[in-house]
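The sequence and coordinates are shown first, and the comments follow.

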Protein chains: 2
Amino acid sequence: MALAEAILVCLTDRPMSGYDLAKTFDASIGFFWRASHQQVYRELARLRDKGLVDSREIEQSGRPNRIIHTITDAGEGVVHIWSQKPCRVPSVKDELLVKLYALDNVDIPVLREQLDIRLDQHRAKLAAYFRIKEKFYDGKSLNRAQKGKLIALTMGISNESEMVKTLGNAITMLGEIDA
Amino acid sequence: MALAEAILVCLTDRPMSGYDLAKTFDASIGFFWRASHQQVYRELARLRDKGLVDSREIEQSGRPNRIIHTITDAGEGVVHIWSQKPCRVPSVKDELLVKLYALDNVDIPVLREQLDIRLDQHRAKLAAYFRIKEKFYDGKSLNRAQKGKLIALTMGISNESEMVKTLGNAITMLGEIDA
DNA sequence: AACCTATATGCACATAATTGCATGATATTT
DNA sequence: AAATATCATGCAATTATGTGCATATAGGTT
């Protein structure tokens, strides 16, 4: 699983609590690898057991104590080995495309609405990507780590704007059926 | 899970054996929803238990008997209900993007190779889609079911050609680092 | 003769992901 | 005053997915 590696990668940047990581997986790295907070906490426990992170509790008053996780040398080794290994092809699983594939068994107006919803989701993501790009990358001088993130972000922007275009076409094509 | 529904959808077209379905999930519907043959057989057993498919063994000589699965009325009901329900957003999980995100912890030439491999995979998929489009859809008069499949295929083609373009850019951007 | 591919089904085990719940304080909004 | 959001952790149960193996025959390849 690459969830372990995704977490370790986040921790190379700075030590973090599970809560911080969960938020990171709701944005930034979460754009490329989704994970829920339960997944993150469970994986952190495993990483701790394997000695890939060093976890220490910080006393807090008024709210639960935080547990700060720091990547160990062994953890950095794991990241390095992972980075050399070939990438798995992301497995496709898209209900919307299955429904188009199954158009004969589907109510067209309902499907059209679902396409509209999906279109909005992609537009929202695209807007979010643009905000991040403007705020953190445009007109700034970037180090290597930032350049990498910018490349990933740029790919995200291309994909999302392509999806917006493609979904528009699909909606048009759907409208032409029985018209 | 929508694997059940994807299988049922395939069976609305014609009754099939698990083997036939597994092959279908290696191509056509598999472009939109990936599943291995083990997943298919397991899910078929469940569908049979729930009475959503009707399974009967066909005697064969020289090779194992086939079990032909036919969708039942209950199965068609399930497909209909599913088609009305909102689609889940496909969850992103792409190691390659994580590696770009983590560029500081990655060896650039190695990553470049991985990007090249991915580029080839997308080119191959794009070529496959074009072959299917030419063979089954171009210049043909299409019924509603075929039009739906064509819309899905067209989206696939857009996505793949976008990915080819985007990966090219990413490789260029990566080449400009430390150059 | 040994090996590979296609046909055809499926079990067992392991790993991963989702869903729902539980706790409990403080701060902000309606 | 009540409801919601933020902070912060995690268990338990279920569902989904992946890996490896098992079986058995026909036909073609090296």
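**Notes on helix packing, domains and symmetry**

1. Helix 6 of chain B crosses helix 7 of chain B in a left-handed sense. The structure under discussion is a predicted model.

2. Two packed helices are described by the angle between their axes and the distance between the axes. For helix 6 (residues 108-136) and helix 7 (residues 144-175) of chain B, the packing angle is about 155 degrees and the axes lie 9 Å apart. Because angles over 145 degrees count as roughly antiparallel, helix 6 of chain B is roughly antiparallel to helix 7 of chain B.

3. Which classes of residue make up this contact between helix 6 and helix 7 of chain B? The contact comprises 16 nonpolar, 3 polar and 7 charged residues.

4. Chain A is assigned domain 1 (3-84) and domain 2 (95-175). The centres of domain 1 and domain 2 of chain A, taken over C-alpha atoms, are separated by 28 Å.

5. Two copies of a chain are related by a rotation about an axis and a shift along it. Here, chain A is superposed on chain B by a rotation of 180 degrees with 0.0 Å of shift along its axis, at an RMSD of 0.1 Å. The relation is therefore that of a two-fold axis. Within chain A, A:Glu162 has the C-alpha nearest the axis, at 3.5 Å from it.

How values were computed:
Residues numbered from 1 in each chain as written. Chains lettered and ligands numbered in written order. Predicted model: local features only at pLDDT ≥ 70, side-chain atom pairs only at ≥ 80, totals over all residues. Heavy atoms only, no water. Domains from an automatic or database assignment. Least-squares fit on C-alpha atoms with pLDDT ≥ 70 in both. Axes fitted to C-alpha atoms, helices over the stretch in contact; angles between N-to-C directions. Helix = DSSP H or I, 4+ residues; strand = E, 2+ residues; numbered from the N terminus. Parallel < 35°, antiparallel > 145°, perpendicular 65-115°, else oblique. Left-handed = near helix turned anticlockwise from the far one by under 90°. Nonpolar A, V, L, I, M, F, W, Y, C, P; charged D, E, K, R; others polar.
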